[in-house]
Amino acid sequence: MGTIFWPKDPLDGNDMTLLTSILRRWCERHQVELTAEESSRKAKELVEWFEFGI
């Protein structure tokens, strides 16, 4: 596992646009409302993966 440097830089507008686009596609594919609890959990997971460079 690589070295993790903290604090992380905040997500900028481009990052948020990318992550939101991925989340919307995931919700459509899995027939989940964007406002659903499952969507919120997936959004958190996406941000975590993104911050770890995946």
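Q: Why is Lys-42 called buried?
A: Lys-42 has a relative accessibility of 18%, and because buried means under 20% relative accessible area, with exposed over 50% and partly exposed in between (1.4 Å probe, protein chains only), Lys-42 counts as buried. This is a predicted model, in which local features need pLDDT of at least 70 and side-chain atom pairs count only at pLDDT 80 or more, while totals for chains, interfaces and linings use all residues. Residues are numbered from 1 along each chain as its sequence is written, and side-chain values use heavy atoms, with hydrogens and water left out.

Q: What makes the pairing of Lys-42 with Glu-45 a salt bridge?
A: The closest N and O atoms of Lys-42 and Glu-45 are 3.4 Å apart, and a salt bridge is defined as a side-chain nitrogen of Lys or Arg within 4 Å of a carboxyl oxygen of Asp or Glu, so Lys-42 and Glu-45 form a salt bridge. Both residues lie in helix H2, three residues apart, about one turn of the helix; a helix here is a DSSP run (H or I, at least four residues), numbered from the N terminus.

Q: Why is Glu-45 called partly exposed?
A: The relative accessible area of Glu-45 is 34%, which lies between the limits for buried and exposed, so Glu-45 is partly exposed.

Q: How do you know that Trp-49 is partly exposed?
A: Trp-49, whose place is also in helix H2, has 43% relative accessibility and therefore counts as partly exposed.

Technical notes:
Helices (H or I, at least four residues) and strands (E, at least two) are DSSP runs, numbered from the N terminus.
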